Amino acid sequence: MKKTLSTNVKWREAIEYAVLKTKHNLSRYNQKFPHISNDKCYEWGDNEDWIEGFWTGIVWLCYEYSGDEYLRLQANSQIDSFHRRLQAQHALEHHDIGFLYGLSALAGWIVEEDERHKRLALQAADHLLGRWRETSGLIQAWGPEDDSENGGRIIIDCLMNLPLLYWASNATGNPRYAEVAVRQAELSRKFLVRGDDSSYHTFYFDRSGNSLRGGTHQGYSDGSTWTRGQAWGIYGFALSYRQTGNINFLETSKRLAAYFIERIPTDGIVYWDFDVPVSGSTSRDSSASAVAACGMLELLEHLTPDDPQRQRLEDAVLLTMTALAESSMSMAQEKEGLIDHGSYHVRGNYGLDGYMIWGDYFYLEALLRLEKQIPGYWYERSSSSHAGV
């Protein structure tokens with residue numbers, strides 16, 4: 001993998017460009033967080049959405065690469081905001097707790113081994129565990145337990161929040177966190193992954209856990225394949241395999257990756273849904289491409305050298321990351337995003353063809369995986385054991 005991926009483009013130059021841009025954004029917007037807009041800019045505001053952890057994760061990645069003390073202080077200051085948010089239980093009625101606290105507090109623990117950050121990450125894991133509905137056997141994606149629309153709803157994105165639970169089991173020795181994570185991953189594999197290796201974005205169950213139907217929230221249609229959802233699945237199942245050794249999770253990640261790779265355009269950046277009719281005005285989703293690249297890099301770590309899928313994965317990562325890096329470095333330094341042409345909610349006419357902070361994060365994570373073998377903040381790097389399940 002190193003000869004194929006690490007020496008073909010100037011990953012280091014792309015990282016250093018991203019570090020400079022991150023420092024510029026920090027100095028300009030201080031303790032604000034980037035939110036999505038319909039323009040070629042972020043709207044900078046308070047810590048109150050599901051996406052703020054990606055910004056803090058970017059700052060941590062930049063610090064790990066550069067060793068710049070300014071970046072370390074900025075990341076720690078942002079974690080103070082996450083602490084206040086959890087204490088106030090502000091806008092946390094959803095499953096994206098791993099995105100928020102895994103890339104902020106857990107990242108701080110991984111980088112600095114600061115006990116304050118560990119305690120906050122464990123408190124966040126407890127909050128996520130509180131979204132487990134024992135009767136229906138699932139982590140509810142959105143809303144309170146008695147929500148008439150979402151009370152029995154899961155989404156594929158949740159696979160990327162499960163690493164916080166796996167970590168909490170390893171950190172505390174309490175198997176309950178990992179048991180819930182495994183049950184959610186198994187439920188997702190059974191109901192969100194279709195027989196042709198595509199995926200639903202969401203699935204509905206009744207309050208007793210009986211399956212009702214697959215659907216979508218941000219995809220083209222209920223039966224289509226939303227590209228970012230497919231990317232979440234590639235990465236999420238590979239991470240569940242890392243923590244459990246369950247071969248079914250590895251095989252599912254491989255299947256989802258093969259489906260994704262077959263549909264990557266020749267220029268390397270996927271459209272927002274694999275089933276949407278394509279015209280000159282069809283939105284791309286660079287953030288889905290970045291997530292998928294990270295997922296494929298994770299998947300490659302678990303394949304044998306002679307696995308027949310290895311070369312296709314390497315080629316796909318190289319195509320995707322070359323396209324993203326070349327596009328990124330062609331953007332002016334004063335532009336706020338690291339990568340352009342991301343999509344948020346096309347059906348809702350929100351976040352079209354612009355900067356997506358999660359896309360920026362996964363783009364930078366993929367670069368650091370390639371250049372420095374720094375894998376992001378989904379697990380403690382010194383740990384090679386499974387989560388006790």
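1. Basis. This is a predicted model, in which local features need pLDDT of at least 70 and side-chain atom pairs count only at pLDDT 80 or more, while totals for chains, interfaces and linings use all residues. Residues are numbered from 1 along each chain as its sequence is written, and side-chain values use heavy atoms, with hydrogens and water left out.

2. Overall build. The chain has 13 helices and seven strands; these are DSSP runs numbered from the N terminus, helices being H or I of at least four residues and strands E of at least two. Along the principal axes, the C-alpha atoms fill a box of roughly 55 × 45 × 45 Å.

3. Of the 389 residues, 63% count as buried (buried is under 20% relative accessible area, exposed over 50%, partly exposed in between, with a 1.4 Å probe and protein chains only). Among contacts with a separation of 6 or more, 68% are between residues 24 or more positions apart; contact means heavy atoms within 4.5 Å.

4. Helix α7. Eight of the eleven residues of α7 (residues 162–172) are buried, so this helix is largely enclosed by the rest of the structure. The buried residues are L162, P163, L164, L165, Y166, W167, A168 and S169. They pack against α5 (97–112), α6 (115–129), β4 (138–139), α8 (176–191) and α9 (227–244). After α7 comes G173, with a positive phi near 80°.

5. α7 with α9. These helices pack at an angle of about 10°, with axes 10 Å apart. That makes α7 roughly parallel to α9 (under 35 degrees is roughly parallel, over 145 roughly antiparallel, 65 to 115 roughly perpendicular, and the rest oblique). Axes are lines fitted to C-alpha atoms, for helices over the stretch in contact, and angles run from 0 to 180 degrees between N-to-C directions. L162, P163, Y166 and N170 of α7 meet L239, S240, Q243 and T244 of α9. The contact residues divide into four nonpolar, four polar and no charged; Ala, Val, Leu, Ile, Met, Phe, Trp, Tyr, Cys and Pro count as nonpolar, Asp, Glu, Lys and Arg as charged, and the others, Gly among them, as polar.

6. α2 with α13. The axes of α2 (residues 11–29) and α13 (residues 357–372) come within 9 Å and cross at roughly 140°. That makes α2 oblique to α13. On the α2 side the contact has W11, R12, A14, I15 and A18, and on the α13 side Y363, L364, L367, L368, L370, E371 and K372. Nine of these residues are nonpolar, none polar and three charged.

7. α11 with α13. Helix α11 (residues 286–300) also packs on α13, with axes that come within 8 Å and cross at roughly 35°. S287, A290, V291, C294, L297 and E298 of α11 meet W358, G359, F362, Y363, E365, A366, R369 and L370 of α13. Here the division is nine nonpolar, two polar and three charged.

8. Positive phi in loops. Most residues other than glycine have a negative phi. N30, not a glycine, has a positive phi of about 55°. N30 is in the loop between α2 and β1 (33–35) and is partly exposed, with a relative accessible area of 48%. D197 also has a positive phi, near 80°, and is in the loop between α8 and β6 (202–205).
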